[in-house]
Amino acid sequence: MKVIVIGATGVIGKEVADAISGQHEVVRVSRNSGDFQADITDKASLEKLFSAAAPFDAVVCCAGGGAFGPLTGLTDQDFDFSLSSKLMGQVNVVRTAMPFIRDGGSITLTSGVLSTQPMPGSAAISLVNCGLEGFARAAALELRDRGVRVNVVSPPWVSETLQMMGQDPSGGMPASEVARAYARLVEDASNGQVISP
Ligand SMILES: NC(=O)c1ccc[n+]([C@@H]2O[C@H](COP(=O)([O-])OP(=O)(O)OC[C@H]3O[C@@H](n4cnc5c(N)ncnc54)[C@H](OP(=O)(O)O)[C@@H]3O)[C@@H](O)[C@H]2O)c1
């Protein structure tokens, strides 16, 4: 299969691309490097990516940011950023990939543990993660006519990320282990699922 991994230079995306590349042709995409550059907040750049890479069998998106901070401190800009990057950015990925992806293909998106296990400071990110999971469940119903599957991985805290944040990495899951959930969704028959590794 030909698999496009967006966010392939990130902590999770790099491990996903590496895990899949043993079995499949992988196109590594990020904003600033990789085989292709694209910005998920910019539909024109996604259309350029997908038209250039077509035909392909799967898209995995491990990209998109959100603002973390106390609700009283979150600004309109923080909400705009979270909604346009992690939520609408990944909605853009699905909508722009649809005309180009092969029938029988799959699209795998990324939410996160804060959708179901919120914490103080996570209001914007929890909002976006829940929205994305709802979107994916509904989109999966419509794309199944073409056999195109839509799923979400909801990663727990990743060990490498906790380490970068100066926290105890043992409270997280190694990115290589999280990546296995993405690889499974590319290859199995799941549709409309939210997977928590
Ligand atoms: N790490 C965790 O503990 C954790 C836990 C739960 C959920 N998640 C979610 O998993 C996703 C990936 O997290 P991560 O820790 O791997 O992030 P990361 O290390 O910061 O990597 C992000 C990747 O996405 C790319 N990217 C960022 N914004 C983009 C955009 N607008 N368009 C295209 N590419 C973009 C980056 O490329 P450039 O470097 O070129 O900008 C990079 O390749 C995020 O949505 C995050 O919320 C992460």
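Residues are numbered from 1 along each chain as its sequence is written, and because the model is predicted, local features were required to have pLDDT of at least 70, side-chain atom pairs were counted only at pLDDT 80 or more, and totals for chains, interfaces and linings use all residues. Side-chain values rest on heavy atoms, with hydrogens and water left out.

Seven strands form an open sheet with parallel pairing, in the order β3-β2-β1-β4-β5-β6-β7. The edges are held by β3 and β7 (194-195), each of which has a single partner strand, so that one side of each lacks a neighbour in the sheet. Helices (H or I, at least four residues) and strands (E, at least two) are DSSP runs numbered from the N terminus, and two strands are taken to pair if DSSP finds at least two bridges between them.

Within this sheet, strand β1 (residues 2-6) is largely enclosed by the rest of the structure, because five of its five residues are buried, where buried means under 20% relative accessible area, exposed over 50% and partly exposed in between (1.4 Å probe, protein chains only). In a regular strand, side chains alternate between the two faces of the sheet. In β1, Lys2, Ile4 and Ile6 point one way and Val3 and Val5 the other way, and all are buried. Strand β1 is joined by five bridges to strand β2 (residues 25-30), the two running parallel, and Val5 has Arg28 of β2 as its bridge partner. Four bridges, again in the parallel sense, pair β1 with strand β4 (residues 56-61), and here Ile6 stands opposite Cys61. Together with helix α1 (residues 11-21), β1 and β2 make a right-handed β-α-β unit, the crossover being right-handed if, with the strands pointing away from the viewer, the path from the first strand over the helix to the second runs clockwise. Elsewhere in the sheet, β5 and strand β6 (residues 149-153) pair in the parallel sense over five bridges, with Val153 in β6 as the bridge partner of Thr110.

Ser115, in the loop between β5 (101-110) and α4, is buried at a relative accessible area of 11%. A polar atom of the Ser115 side chain lies 3.0 Å from the backbone oxygen of Gly112; a polar contact is a pair of N or O atoms within 3.5 Å, and within protein one must be able to donate a hydrogen and the other to accept it, with residues adjacent in sequence counting only if both atoms are side-chain atoms. Leaving aside neighbours within four places in sequence, the residues in contact (heavy atoms within 4.5 Å) with Ser115 include Asn129 and Ser154. Asn129 lies in helix α4 (residues 123-143) and is buried, with a relative accessible area of 1%.

Around the ligand there are 24 residues, of which Thr9, Ile12, Arg31, Lys86 and Thr161 come nearest, a residue being near if one of its heavy atoms lies within 4 Å. Oxygen atoms of the ligand lie 3.0 Å from an N or O atom in the side chain of Ser30 and 2.9 Å from an N or O atom in the side chain of Arg31, while a polar side-chain atom of Thr161 lies 2.8 Å from a ligand nitrogen atom. The protein covers 79% of the 900 Å² of accessible area that the ligand has on its own, as computed by the Shrake-Rupley method with a 1.4 Å probe, where for residues only the protein chains shown count as cover.
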